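Look at the structure first, then read on.

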Amino acid sequence: MYVAVKGGERAIENAHAWLAEERRGNTDIAELSIAQIREQLSLAVNRVMAEGSLYDPDLAALAIKQARGDLIEAIFLIRAYRTTLPRFGASEPIDTGIMACDRRISATFKDLPGGQVLGPTFDYTHRLLDFKLAADGEVPKAPSRDAETGTVPHVTEFLNREGLIEEAPYDDAPPPDLTREPLEMPSTRALRLQALTRADEGFTLGLAYSTQRGYGRNHAFVGELRIGSVPVEIDIPELGFPVEIGEVILTECETVNQFTGSKTEPPQFTRGYGLVFGQTERKAISMALVDRALRWEELGEDNVGAPAQDAEFVLYHADNIQATGFLEHIKLPHYVDFQSELELVRKLRREAGAQQLQEAAE
Amino acid sequence: MTEYNFAYLDEQTKRMIRRAILKGLAIPGYQVPFASREMPMPYGWGTGGVQVSAAVLTPSDTFKVIDQGADDTTNAVSIRTFFQRTAGVATTTATSDATVIQTRHRIPEEPLHEGQILVYQVPIPEPLRFLEPRESETRKMHSLEEYGLMHVKLYEDIIRHGHIATSYAYPVKVEGRYVMDPSPIPKFDNPKLRDMAAIQLFGAGREQRIYALPPYTQVVSLDFEDHPFEASKADHPCGMCGATDSYLDELIIDDIGGRMFVCSDTDYCEVRQAAGHKGKDAA
């Protein structure tokens, strides 16, 4: 006997209660604090800030806790929160040349002004599980020295001085904002970069990797990768001058890429650019490679049909909140559409069957 | 929830959405780009419809939400609860009592009247999308009224299957101009789009598009003279209320192939049952 399905509301409430219990886990184990997540899972916090497009380590840590460590879910929480925030103004452009670098490396010059600073990197660790960490997480104090002061010049500036690399196009126009305007094609580079900096890390990495394997190859050198804090200034109209309101930690990657030149232009290197919130170097490097691949048209290169060259493909599919929402919506009921498909397939099969019978009879 | 504005969105955002709606009403069937916001529910789960509802709801409205025709499906419950919490509006399951109805995949069976607004959740607003994946191309095709590709697709269906093999999200032409996706409603519902007394608004959040049909708009399902459009449904009466004119869901009721058919529009079915109509499976 069929009874119309009722009780959706109660089912949802109960599911939420169960979810909260699962999130907490075994209550014999101490609960995680926001500060612990912020301090000890800081790279997860950084990814949530970068793809959530909101620089707030405490909120990102809260989102990770609430999302049970599902970073895309945490990014979603941050995005939904961010969209409700009032906007008081826009900052002045930041100057990464005055970045207080924790890490600064160049793959193109052995030594250079500002030096090579490895910083806190996994790069040369041996990926051996550290069982000692399971028992005791305390570490001896790392050696330290006084920080360098002064600006750290960009590697590409040295190349530019000789005309070896393309001039970075100077543009003072306010950049478009895809969180306030619908994404429309064709897109400007500023818009593409905005989309890429909040794009899914995995998707961006996959695209960047595909360019290295020949799908729109642009042979990138990491001219420079720097991670550190930069001051953020905002112009207060009443005062008439910008005021520093805080600092953000950023990862910036500038790649030096191939360019064969043309009859009118002598050979020159070209640029790819990545800039991401937090210590997020895999993402920043990926972003620079994809940025460079998307520039094929302005640089007069061939479109070889590679996914990473296709701005519509990249920009419409790079946002993990859009992607995960639409992907997972197929869990929702589709009885109605499926029923109409059932009717159609039955009808077509009936007719096909009748036709076969007739052919057999003939 | 006092920390959020009435109906969640801030007034600036609502104004932006209302402008898009007005533009859509002025150019029926045209997809108006709008700066869709991230909502606290996932993209693909009705964020476009929710934003349109948020922009049109007033405190005196009565709100109804259906998904697959039913008021009690989980996502309909979730969206209704969202507006109860953020707008405090009255809600109802009665189609005739609602002033704003948000729907996914169905048009209510009971004819809507003037003064009502029907808000559709739209996953892919572009009717040409699966013929041409590029937005820059499809926009050009709309502006040039270049719909040949769609007709070729429908023609190829007839050659291959003997019928147009589209059973939901069946494309329509609006006022002789724009080809429009009616959202994934079954083609059974297509005739209701035409000359409807209510305002019909379509919101696609992820795809950042709003489009609209003002009341009494001419909406024609695409077809050919020798293959006319045909609204279809399961050829049964409703097992609960006996209706023969409503769209039916098919249920599997045992493991030996037994099934029954019931109205997908739960309000329609309940009203009929309350009035004494009885189907063969009713208790």
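Chain A and chain B bury about 4,500 Å² between them, 57% of it on carbon and sulfur atoms; buried area is the accessible area (1.4 Å probe) that two parts lose on being put together, summed over both. The model is predicted: local features need pLDDT of at least 70, side-chain atom pairs count only at pLDDT 80 or more, and totals for chains, interfaces and linings use all residues. Residues are numbered from 1 along each chain as its sequence is written, chains are lettered from A and ligands numbered from 1 in the order in which they are written, and side-chain values use heavy atoms, leaving out hydrogens and water.

In this interface, 48 residues of chain A are in contact (heavy atoms within 4.5 Å) with 60 residues of chain B.

A salt bridge is a side-chain nitrogen of Lys or Arg within 4 Å of a carboxyl oxygen of Asp or Glu. Two examples follow.

| Salt bridge | Closest N and O atoms |
|---|---|
| Arg134(B) with Asp310(A) | 2.5 Å apart |
| Glu51(A) with Arg47(A) | 2.8 Å apart |

Glu51(A) and Arg47(A) lie 4 residues apart, about one turn, in helix α3 (residues 42-52) of chain A. Helices here are DSSP runs (H or I, at least four residues), numbered from the N terminus.

Helix α9 (residues 201-212) and helix α10 (residues 281-294), both of chain A, pack at an angle of about 55°, with their axes 8 Å apart. Axes are lines fitted to C-alpha atoms over the stretch in contact, and angles run from 0 to 180 degrees between N-to-C directions.

Conventions: Helices (H or I, at least four residues) and strands (E, at least two) are DSSP runs, numbered from the N terminus.
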